[in-house]
Amino acid sequence: MRISEYFRIPTVSSKSYTVWQRNKDVFMKDIKLNFLPPFIEPLLYLAALGFGLGRFIENIDGVPYANFIAPALIAISVMYASFFECSYGSYVRMYYQKTFDAIIATPVTIEDVIAGELLWGATRSMINAAVMVPVIALFGLIDISYALLIIPFAFLGGLLFGAIGMCFTAVTPNIMAINYPVLLFITPMFLFSGTFFPLNTLPPLVQYFAIAFLPLTHIVNGIRLIGYGTLEPVLLFDLAWITVVCAILLVVSINMMKKRLII
Amino acid sequence: MKKYKDLLAVNDVSFTIEEGEMFGFLGPNGAGKTTIMRMIQCVSPLTSGSLEIFGLDAMSHQREIKSHIGVVPQENNLDMDFTVYENLLVFSRYFDIPRGEAERRATELLEFVHLEDKRDTMTESLSGGMKRRLILARALINRPKMLILDEPTVGLDPQARHLIWDKLRSLKKQGVTVVLTSHYLDEVEKLCDRLVVMDYGKILVEGSPSQVIETYVGSGIVEAENNPELIECLQRKEASYEIIGDLVHIYTDNPKQIAEYLTMECSLSKLTARPATLEDVFLKLTGRRLRE
């Protein structure tokens, strides 16, 4: 496969919805268990970092520490939900459960399958955001005037991280090897994307790097702006960055998976 | 033709399967059977050559072709996250079968494969035979014109195998074209109207089971213990034979005559005459060396 072929727009049909439906049905079987993590996790982080550690921290940019990290917690959950769904989750369905093999024996194509998986990953991110927003709003940590905008924003962010996860699924030799991108990419982002301390405290070079290459930076920034209720123009820059990178990676990830599966 | 990086999996193969017939692909492991099955299912593109299914080109009409095909793959790939019944319903959605119709078909098919009692069991906890039967039911949810089975009875007990055979025969009666691969040669001999034997990506023979046996080994086989005297005797008679370790197989259309000749002329006593089977053809054509 030549490089240019990875950027060819794949033909995806509405059949990808049936793949999304399949994953949604599995999710609904354990709905109580699946709703618990996005509900409990922010409470734990807020208790330990926001209200515990936060007492020793001065306001950041005029905002109490708990309010500073609350939007970041949503962003982190958006990242984890779709990245894990489209890496470990998709890999298990592809390799161990042979779900993809079964589906492509029907009129559903491999492009539809991967598109359905990516849409489902984004849906998981959106569900997490939809659970966390009211919980965090209840503590008065986000401005509720635009808070609902976080939910579609989470879907977009979910697509982005889903596509990233899917690219790794397409090249990973085995399930253990997915630990590498988690350790070298996801975890550093979790810590250094303006999540628990402002980006501008880092050396300028690192800041530029984060803005150029770390997707979570833009998700955190976007959700924080919406959460503060201050829709500044810089939000448009974050949106544009996410949209462009997301569009490219969606195309690339589908083509990479096609290359892995169609032999 | 199908080429992987440095492996020619299927090479210069040409075959036609008639509508409504049961067609078998035989061959040792790695012969290219599964690759051909995957090509017919439109999930593995051809490197070169052409393949038409229902008169449609396999490379450009994948969706249409796949909507009329049912597949029983070699490896079980039931959806372990669902129950038996849900497996059929979820699968029916991939074919855009409306819900009500899908429910009717699912119930009907569970009866067809005798799994109605297992309706709400998770597929993980089914036995091997039950899983195979459920896969057969799943392959029929779209009422396929052609059913493709890759090793349908592998690892099953005789009861389960007979049940599957029975179901395949009744599907054939309903006009479904059945294409299968198998290592169980008795299975193919019993079921298939026509077959091909493949090895190293090529088709070696094609025909009905009886034709193939007749042409390649004759209708009968005499087995005798290997000793120099016997070989000399056979060479004198110009008989067709093969030495397999301690045994000698003599291929003939008239086993009785050969057996008599050997007892009379060569004073041999340990002889068994039996009808030739596909297994004899298979081993004669593909050799006895173990494959990976």
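This is a predicted model: local features need pLDDT of at least 70, side-chain atom pairs count only at pLDDT 80 or more; totals for chains, interfaces and linings use all residues.
**Entry 1: chain B overall**

I started with the contacts inside chain B. Among those between residues at least 6 apart in sequence, 69% join residues at least 24 apart. Residues are numbered from 1 along each chain as its sequence is written, while chains are lettered from A and ligands numbered from 1 in the order in which they are written.

I looked up the secondary structure next. Chain B has eleven helices and 14 strands. Helices (H or I, at least four residues) and strands (E, at least two) are DSSP runs, numbered from the N terminus.

I checked the extent of chain B. Its C-alpha atoms fill a box of roughly 75 × 45 × 35 Å along the principal axes. Of its 292 residues, 42% count as buried. Buried means that 20 or more other C-beta atoms lie within 10 Å of the residue's own; exposed means 12 or fewer, and partly exposed lies in between, with C-beta atoms placed from the backbone.

I found two domains listed for chain B: domain 1 (2–212) and domain 2 (219–275). These bounds come from an automatic or database domain assignment. The C-alpha centres of the two domains lie 41 Å apart.

**Entry 2: one loop residue**

I picked Glu19(B). It sits in the loop between strand 2 (7–10) and strand 3 (22–26) of chain B. Is Glu19(B) buried or exposed? Glu19(B) counts as exposed, because it has 10 C-beta neighbours inside 10 Å. I also took the separation from Asn29(B), ten residues away along the chain: the two C-alpha atoms are 27 Å apart.

**Entry 3: where the chains meet**

I counted 20 residues of chain B in contact with 19 residues of chain A. On the chain B side, helix 2 (62–67) and helix 3 (84–94) each supply at least two residues. Helix 2 of chain B gives the largest share, four residues. This side of chain B divides into nine nonpolar, five polar and six charged residues. Here Ala, Val, Leu, Ile, Met, Phe, Trp, Tyr, Cys and Pro count as nonpolar, Asp, Glu, Lys and Arg as charged, and the others, Gly among them, as polar.

I turned to helix 2 of chain A, residues 31–52. It has a kink of about 35°, centred on Leu46(A). The bend at a residue is the angle between axes fitted to the seven residues ending there and the seven starting there. Pro38(A), Pro42(A), Leu46(A) and Gly50(A) are buried in this helix. An α-helix has 3.6 residues a turn, so residues three or four places apart point the same way. The buried residues of helix 2 of chain A pack against helix 3 (65–96) and helix 5 (110–138) of chain A.

I followed helix 5 of chain A. Of its 29 residues, 23 are buried, so it is largely enclosed by the rest of the structure. After helix 5 of chain A comes Gly140(A), with a positive phi near 70°.

**Entry 4: confidence**

Chain A has a mean of 94, with 100% of its residues at 70 or more. Chain B has a mean of 88, with 96% of its residues at 70 or more. Within chain A, helix 2 is lowest, at a mean of 89, and helix 6 (residues 150–171) is highest, at 98. For the complex, the predictor gives an ipTM of 0.90 and a pTM of 0.90.

Technical notes: Two residues are in contact if their C-beta atoms, placed from the backbone, lie within 7 Å. The expected span of a helix is 1.5 Å times one less than its number of residues. pLDDT is the predictor's confidence in each residue, from 0 to 100.
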